[in-house]
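Hi,

Here is the structure I promised to pass on. My notes on its aromatic rings follow below.

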Amino acid sequence: MHSPAPAAGAASVLPKDSRPLPCLLLVSLLLLLLLHFLSSSSPSSTPAPPDAPHRPPLPAGAASAGPAPPALAFLLTGSAGDADRLHRLLLATYHPRNLYLLLLDRATSAHDRVRLARELRAGPGRAGNVHVVGDPGFANPRGASALAAVLHGASLLLRLGQGWDWFVHLDAGDYPLVTPDDLLHVLSYLPKDINFIQHTSYIGWKESRHIRPIVVDPGLYLSSRTDIFYATQKRELPSAYKLFTGSSSVILSREFTEYCIVGTNNLPRTMLMYYTNMPLPHRKYFQTVLCNSPKFNRTVVNHDLHYWASDGSSKNEPRLLNLTDAGNMAASSAAFGTRFAKDDPVLDHIDEEILQRLTGEPAPGGWCIGAGDDSPCSVSGSTDVLRPGPAAMKLAKFLAKRLSYPGFYSQQCVWD
């Protein structure tokens with residue numbers, strides 16, 4: 001790959017003397033402290049009786065050492081037939097500190113949407129931190145309506161809760177590879193302005209197939225689901241800003257989310273107008289806004305914290321994960337896996353071996369104090385109590401490497 005000269009206004013790599021090195025050193029020291037804490041506080045394993053439930057010991061009740069845990073705002077999206085998948089995904093990611101919004105697009109029957117809301121009210125929704133979008137639009141996975149659904153969810157989460165720190169978008173085909181306690185504990189050591197978003201400015205073959213074509217998504221204006229259609233004309237690449245592309249999975253800071261939804265700067269709206277007539281805009285919008293914004297283009301970790309495996313095609317799309325991928329997923333240090341089939345046995349494996357989650361129950365954590373009960377999370381303790389496990393150590397090491405100086409800057413918004 002060549003080393004291009006930055007264009008006018010480009011987010012070129014800053015000279016060493018202008019980088020906020022003390023901030024990065026502080027992050028590195030905090031992560032080292034986290035690694036030391038995790039390695040020194042790992043409980044010794046004691047063989048359990050053969051007939052005992054497969055669950056780690058419940059916490060004694062002391063809060064984890066270190067900074068106060070953050071709060072996350074989860075947007076869980078799906079379509080027809082995904083109600084049960086979203087329910088399972090909610091249980092696997094659930095923590096009472098977090099805020100959850102489940103969005104099933106209009107292709108889902110009203111019966112399934114009402115059923116899901118009723119089941120959630122009888123379960124985790126009792127705490128008041130789980131919500132279901134009652135009147136969604138259509139979300140074509142190839143059109144602008146999918147991006148509109150994500151922006152709609154983000155705006156609702158901003159309105160529903162004021163205390164969360166990161167916006168996390170997961171699809172029905174995603175699943176966690178760390179416990180909620182693992183994720184919250186590791187993120188508690190990081191600055192709240194960091195954005196986790198995989199991105200690149202290398203367009204390649206996508207220029208002719210995903211950038212220059214002009215498309216129309218009827219999901220934006222019809223009350224029935226219709227596929228996108230292409231115009232005969234094609235447009236030139238923009239010269240006012242640089243285009244970036246990546247994955248649709250994002251973990252965004254609250255500040256950047258507000259910038260995209262309610263900010264006074266016009267860049268997010270300009271980008272939204274441009275991407276409305278482009279295929280797969282939800283894989284490009286946040287990347288382009290972030291990397292063209294001087295305020296945020298130094299806050300990005302070039303990774304979405306997801307594990308995926310290529311389908312081997314020229315388009316390099318994620319394939320379905322299964323039990324043969326279990327070892328690679330566990331070793332990947334990722335927080336989530338991308339593209340699982342509904343009720344695939346690998347999900348049961350993750351529940352049992354990583355999340356310690358029983359069917360129909362949330363993943364247990366430090367807030368679950370129902371000792372001697374098959375449903376320990378039916379009794380809630382302090383939400384400040386976290387019980388990180390081995391996966392937290394792997395995730396912390398991965399982030400420490402990603403945030404190391406100067407590697408952190410070399411991966412940010414590179415203009416190819």
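Let me start with tyrosine 100, which is buried at 0% relative accessibility (buried means under 20% relative accessible area, with a 1.4 Å probe and protein chains only). Before going on, a word on the basis: this is a predicted model, where local features need pLDDT of at least 70, side-chain atom pairs count only at pLDDT 80 or more, and totals for chains, interfaces and linings use all residues. Residues are numbered from 1 along each chain as its sequence is written, and side-chain values use heavy atoms, leaving out hydrogens and water.

Tyrosine 100 forms a stacked aromatic pair with tyrosine 94, at 5.5 Å centre to centre and 25 degrees between the planes. Rings of Phe, Tyr and Trp (its six-membered ring) pair if their centres lie within 6.5 Å, and planes under 30 degrees apart count as stacked. Tyrosine 94 is buried as well as tyrosine 100.

In total, the structure holds 10 aromatic pairs. In another of them, phenylalanine 74 and tyrosine 100 have ring centres 5.1 Å apart and planes at 10 degrees, so this pair is stacked. Because phenylalanine 74 lies in strand β1 (residues 72-78) and tyrosine 100 in strand β2 (residues 99-104), the pair ties together parts that are 26 residues apart in sequence. Strands here are DSSP runs (E, at least two residues), numbered from the N terminus. Phenylalanine 74 is buried, at 2% relative accessible area. Phe74, Tyr94, Tyr100 and Trp367 form one aromatic cluster.

Happy browsing, and do write back with any thoughts!

Conventions
Phe/Tyr/Trp six-rings, centres within 6.5 Å; stacked < 30°, edge-to-face > 60°. Helix = DSSP H or I, 4+ residues; strand = E, 2+ residues; numbered from the N terminus. Buried < 20%, exposed > 50% of the residue type's maximum accessible area, 1.4 Å probe, protein only.
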